[in-house]
Amino acid sequence: MRCPFITVAGVNHMFESLDPVVLARVQFAFTVSFHIIFPAFSIGLASYLAVLEALWLWTGREVFINLFNYWLKIFAIAFGMGVVSGIVMSYQFGTNWAVFSDKTGPVLGPLMAYEVLTAFFLEAGFLGVMLFGLKRVGPRLHFVATLMVAIGTLMSAFWILSANSWMQTPAGHAVNAEGQFIPVDWWALIFNPSFPYRLVHMVLAAYLTTSLVIGAVGAYHLLKNPQQSGARMMFSMAMWLLTIVAPIQIFAGDVHGLNTLEHQPAKVMAMEGHFQSHPDGAPFILFGLPDQDAAVVRYALEIPKLSSLILKHSLDAPLAGLDSVPRENWPPVPITFWSFRIMVGLGLLMAALGLLSLWTRWRGRLYDSRPTHLFALMMGPAGFIAVLAGWVTTETGRQPFTVFGLLRTTDSVSPLAAPAVASSLIAFIIVYFAVFIAGVVYILRLMAHPPHHGEQGPPGETPARAAGITPAPAIATRRFS
């Protein structure tokens, strides 16, 4: 008996019933989700490495250079995986989103080029020195290279966030006769209304993600040996960063939310689950099950008027709901609603861990408090999850537009059949899981070993011959002498 789905025709028939727009969105969401976890980690880790090397040069303490070499090996792998996944993701602009690329190319193309010409070239130019050059160029010049890589990662975030923010709050452009967006004011375009808020929010998220990973690794080794000097230092530094940055991030998130309410009110309505307008103060819905078809949040657990207090700083301030927005412009409320709560909930847990570490530090128990170490260990992946949840909130809340209010997602996709998109999606899933699971497992294996005395960085063996004059004459001289 033959299975009808083992033939190419059978596979095509199975996928033809699917929506190619949905498949294209799923494919982009899948690849960007894999990609973003690595830049989010490498941005913060590059800055941490610069701080470690600066402290080593300033104090001369061996613990700092040991930690630098320990985390440098992990940074090299995470950075490489981020570059590879980013290249794959960018090709989808031409394959699955050709109309979007054509319409927005005059605006987004230069921004992406600036990212390559500044950030990527800066990183690529100094990365080799950073990874392998400590004993070749000397400590001070090596520190310059480390600093340049750290600055490069921040510049990369600058340009990528500027491009994405323009899609959220477009400004500084005009539309030509061919329907393309063209720049008319680069200053207004780059520094569009949401860009400063989103840049700060993302960079702080990267620092929190890194501090949680470093804190989890330090906590893991402290649970095994509380006297391990490298683990004590990395845990202490991570908890200081978490204690300081987590409250700042909560404030930055609140300001960013107010900016979003001003420029993308439908997104905030979806985040809050406000299907109906509230003229006398809107409640904050802690939990519930949004039903978009019925335009109601079922089983809602609410705090009266708190949403108006947060968003308008007044208990009785009116807040409009999705009933004031045409239904065809509604974002997917359930996804946006829940991803926002995951992000906020994890942010509050980060702040709680920072406060707990501050309390145990004050009591002199930071390095032998097992509850604190276990909490930090469990929170290790929380930064990655929060970053993913934040991006889901941002991108789904912008729907049904790719360029908010101006270009709809359904009008941005390439004229591809569903089987073609589905086939590439399946291929991406297989390759990504195979490659990235292997990479993550290797990183975890490196983290499983504590930093030790005389810790070395990535191995920098000299190749036999890369280019230039061949060594044949020298070999012949040695052979016949």
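Let's start with Thr394, which sits in helix α14, the stretch covering residues 382-398. Keep in mind that we're looking at a predicted model. Is Thr394 buried or exposed? Its relative accessible area is 13%, and the cut-off for buried is under 20%, so Thr394 counts as buried. And who are its partners? Leaving aside residues up to four places away in sequence, Thr394 touches Asn164, Gln168, Arg198 and Lys267.

Now, over to another helix. Find α15, which runs through residues 418-447 and has 30 residues. From its first C-alpha to its last, α15 reaches 42 Å, close to the 44 Å expected at 1.5 Å a residue. Some of its residues are buried, among them Ala418, Leu425, Phe428, Tyr432, Phe436 and Met447.

Okay, let's zoom out. How many helices and strands does the protein have? You can count 16 helices and six strands. The C-alpha atoms fill a box of roughly 85 × 65 × 60 Å along the principal axes. For 481 residues, a compact globule would have a radius of gyration near 23 Å, and the 25 Å of this protein agrees with that.

What about contacts along the chain? Taking those with a separation of 6 or more, 78% join residues 24 or more positions apart. As for burial, 46% of the 481 residues count as buried.

Last stop, the surface and the charges. The accessible surface is about 23000 Å², and carbon and sulfur atoms contribute 71% of that. There are 27 positive and 24 negative side chains, with the centres of the two sets 16 Å apart. Thanks, everyone!

Definitions and conventions
Residues are numbered from 1 along each chain as its sequence is written. This is a predicted model: local features need pLDDT of at least 70, side-chain atom pairs count only at pLDDT 80 or more; totals for chains, interfaces and linings use all residues. Side-chain values use heavy atoms; hydrogens and water are left out. Helices (H or I, at least four residues) and strands (E, at least two) are DSSP runs, numbered from the N terminus. The radius of gyration is taken over C-alpha atoms; the globule rule is 2.2 Å times the number of residues to the power 0.38. Buried means under 20% relative accessible area, exposed over 50%, partly exposed in between (1.4 Å probe, protein chains only). Contact means heavy atoms within 4.5 Å. Accessible areas come from the Shrake-Rupley method with a 1.4 Å probe; for residues, only the protein chains shown count as cover. Lys and Arg count as positive and Asp and Glu as negative; His and the chain ends are not counted. The place of a charge is taken as NZ of Lys, CZ of Arg, CG of Asp or CD of Glu. The expected span of a helix is 1.5 Å times one less than its number of residues.
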